[in-house]
Amino acid sequence: MLFEVWAPEAEGRVTLHLPGPAVAEYAMERDPQRDGWWTVRAEAADGSRYGYALDGGPVHPDPRSRRQPDGPDGLSAVVEHDTFVRGDAWAGRPLSGAVLYELHIGTYTREGTFDAAAERLSHLVELGITHVELMPVCPFPGTHGWGYEGVSLWAVHEPYGGPQGLKRFVDAAHELGLGVVLDVVHNHLGPSGNYLPLFGPYFTDTHHTPWGSAVNLDAPGSDEVRAYLRGSALSWLRDYRLDGLRLDAVHALADTRALHFLEELSAAVDALSGKLNRPLFLIAESDLGDPRTTTPREQGGLGLHAQWNDDFHHALHTALTGESQGYYADFARDPLKALTKTLTRAFFHDGSYSSFRGRAHGRPVDRASTPAHRFLAYTQTHDQVGNRALGDRLSASLSPGLLACAAALVLTGPFTPMLFMGEEWGARTPWQFFTDHTDPELAEAVRRGRRREFAAHGWAEEDIPDPQDPRTRARSCLDWSELSGEPHSRLFAWYRELIALRRTLPDLADPDLASVRAAHSADGAGRWIAYRRGDIRVAVNLSKDPATIGLGRNGRCRVLAAWEPVEAPGPDGVLVLPPESCVVLGG
């Protein structure tokens, strides 16, 4: 078997260590064709442990490790992907027409494993979900965590089930017709178990990010770093049969090269899609408000296939809750106006002034040429729930009626919907920030940092959950018994009904953003919003009082779905909508 490692930092010697009954050491040789690469052939098989030592130093895991059976600090293990017996051939599922479901393996079930999560996939099929979006699964310290402090970007967290467990999960999803998307983190690595700087210039001080030195995408040595990240991304799609990747915080990828890394990655993914003959896609999390992120490469864009739309979330959140702190401030000035703008134009900040940033922000979306499905819409995500002081969901403070209204706006709107696990039944369990750092100093630093952060916003430190306390993770696990009680079962039925309408009504699948028409109450006269997509009209009343909404004289229409009983508009086109309720109307 060929072992190879990029280690330009090695001064003169790199050795391969293969533990067994007796530790075998193999001196590696420089590859004359590839600068900084070292290679050697040695006998090994699937599961064989190994590591590399530079210049007589300690043995460290392979930067391209496919498996870390003993965690980020342990030896790597050989993974022969061809030994896994795959299920039937998978034709794939495209992003257009999708309904995504963000899922954290460690809290979707109490067991916190791929196999346990796979047993609950039938629930998503019943709901009408098309794709599961897994939060990061690369190795991180301890057993439980969000996954954003991962290292070994080619490997799978062992407590979840390791590489084989992920493959079993993907096969189970595909057998049920579900696509699988994985959240990957290229903008930083966790502080614990990150040995990459010992091998090469994976990071650079040319740029800095909230996590410290930036991943090296444009400084000397960046060709190999880009290849490392690109290869990791393609491996997930090819070797694990994933259908897409969500790219975390791409605005933190500092790259000044003429060919941006994201453009290079999107081209590589499109090429792999053609080779595998199935659709593959990339979804960006971006704070830039820049439509060029998803503009096709041939039109001068980066060519990613979709991006999260936090502007829609912020507008909807302020309309539902009245919150106005931090980045919600601009949206909270007139929430319904902000929501109307995002429903019809995608971005709220499209060159307008952002008081949170203290500058103009964003760029307009060309509605005539940009399909609406390139933007993801959601009421809740892991970020928007877990980064709250107590990890409280909307269900902790909103009525079932308002939760139903939020679902209607996401699931009948023009964008690709995404749900956060448990929202479909109004889960009452929080989703809090939790870690399992094995380094006591790091654990204490995280604990103190979290409490200081929220103390600055008026919270008592003792009220902030301890990320290292196992009970914090336990509180965050879904309680599946809720689903059989009220109002949870009613909410679940409502979500299922809306998703079914989206699947069966062509107007709700229309990607034409320019054709969406919306109006809202003004001057304090109620809290309603209504919009039209083709022959489908949706009206939402967020007020505690009934709303009288003029929809225009456009012929008779009928009620297709309603949270509370409501009469269809008469010949005058006037709709009377009960408090905290919503309706979908059709011809």
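Which order do the five strands of the open sheet have, and is the pairing parallel or antiparallel? The order is 21-22-23-27-25, and the pairing is antiparallel; strands pair here if DSSP finds at least two bridges between them. The model is a predicted one, in which local features need pLDDT of at least 70 and side-chain atom pairs count only at pLDDT 80 or more, while totals for chains, interfaces and linings use all residues. Residues are numbered from 1 along each chain as its sequence is written, and side-chain values use heavy atoms, with hydrogens and water left out.

To begin with the whole chain, the protein has 15 helices and 27 strands, which are DSSP runs numbered from the N terminus (H or I, at least four residues, for helices; E, at least two, for strands). Its radius of gyration is 25 Å, close to the 25 Å given by the globule rule for 587 residues, so the protein is as compact as a globular protein of that length. That radius is taken over C-alpha atoms, and the rule is 2.2 Å times the number of residues to the power 0.38. Along the principal axes, the C-alpha atoms fill a box of roughly 85 × 55 × 50 Å.

Strand 25 is joined by four bridges to strand 27 (residues 581-586), and the two run antiparallel. Arg558 stands opposite Gly586 in strand 27. Helix 12 packs on this sheet and touches strand 22 (528-533), strand 23 (536-541) and strand 27, contact meaning heavy atoms within 4.5 Å. The direction of helix 12 makes about 35° with that of strand 27; axes are lines fitted to C-alpha atoms, for helices over the stretch in contact, and angles run from 0 to 180 degrees between N-to-C directions.

Helix 12 (residues 400-411) also packs with helix 15 (residues 488-504), at an angle of about 15° and with the axes 10 Å apart. The two helices are therefore roughly parallel to each other (angles under 35 degrees count as roughly parallel, over 145 as roughly antiparallel, 65 to 115 as roughly perpendicular and the rest as oblique). Residues meeting across this pair include Leu403 and Ala407 in helix 12 and Trp494, Leu498 and Arg502 in helix 15. By class, the contact has 12 nonpolar, no polar and one charged residues; Ala, Val, Leu, Ile, Met, Phe, Trp, Tyr, Cys and Pro count as nonpolar, Asp, Glu, Lys and Arg as charged, and the others, Gly among them, as polar.

Elsewhere, eight strands close into a barrel in the order 9-10-11-14-15-16-19-20, with parallel pairing. The twist averages 30° from one strand to the next. Four bridges join strand 9 (residues 100-103) to strand 10 (residues 131-134), and Tyr101 stands opposite Val132 in strand 10.

Finally, Phe433 lies in the loop between strand 20 (416-420) and helix 13 (440-455). Between Phe433 and His382 there are 51 residues in sequence and 9.5 Å in space, C-alpha to C-alpha.
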